[in-house]
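Hello,

Here is the structure I said I would pass on. My notes on it follow below.

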Amino acid sequence: GNLPGYARIEITQTVRLYVNNQNILYAQSQPERFDVATEARIGKTSTNAFDVALIRSRRTIREGNTYQVVSLVSVADEESLRSDWQVYPDWISTTYLQLPEALPARVRNLAQQITAPYPNPYDQAAALEKYVREKIKYNDQVSSPPTERDGVDYTLFDRSEGYCNYYAAVMAVMARAVGIPARNPDDVRSGQT
């Protein structure tokens, strides 16, 4: 069911696996139910909502098999998103605004420069996304950044190429740097969790 105050609809997805023996399940956010037995890593928020971090199948799924998942997907329009600027709850701020103490200042400065013309988090995030898409060249064969370097800084300023985790890490760190909560993946050695 839909949550009061949230513009969401149910969508059903069918996922087919092309890699053998997997148990991590994928779904459009926010997943509500799967047709396989699952285990979920979740956190309960101060408003008694559940923050889903990871969902796994209890049984390994073989290559070629499928599963179905129903998600609650946002249908909020752009104007609603632009106007929905509020103070974030503590559980969001403490979880999704963390940055490594050693994050180079030039990463923060660049994020502020990109977002400065925009008055709300929605347009700021869109500007960051556009920059990241244009700046970083897709390369799924890229080697890891040097261990002594911050991965996001290295990707932005030294070698602007990478694959999905690189894009996601750069986007998340720059969003957090300007106060926009963001999930960070297992990322490019940026020191994030």
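**A charged network and a helix pair**

Asp123 is buried, with a relative accessible area of 14% (buried means under 20%, exposed over 50%, partly exposed in between, with a 1.4 Å probe and protein chains only). This is a predicted model, in which local features need pLDDT of at least 70 and side-chain atom pairs count only at pLDDT 80 or more, while totals for chains, interfaces and linings use all residues. Residues are numbered from 1 along each chain as its sequence is written, and side-chain values use heavy atoms, leaving out hydrogens and water.

The side chain of Asp123 meets that of Arg82 in a salt bridge (2.9 Å, N to O); the term means a side-chain nitrogen of Lys or Arg within 4 Å of a carboxyl oxygen of Asp or Glu. This pair links distant parts of the chain, 41 residues apart: Asp123 is in helix α4 (residues 121-135) and Arg82 in helix α1. Helices here are DSSP runs of H or I with at least four residues, numbered from the N terminus. Salt bridges with shared partners join Glu78, Glu79, Arg82 and Asp123 into one network. Arg82 is partly exposed, at 25% relative accessibility, and so is Glu78, at 43%.

Helix α3 (residues 105-115) packs against helix α6 (residues 164-177) at an angle of about 75 degrees, with the axes 8 Å apart. Axes are lines fitted to C-alpha atoms over the stretch in contact, and angles run from 0 to 180 degrees between N-to-C directions.

Regards

Key. Helix = DSSP H or I, 4+ residues; strand = E, 2+ residues; numbered from the N terminus.
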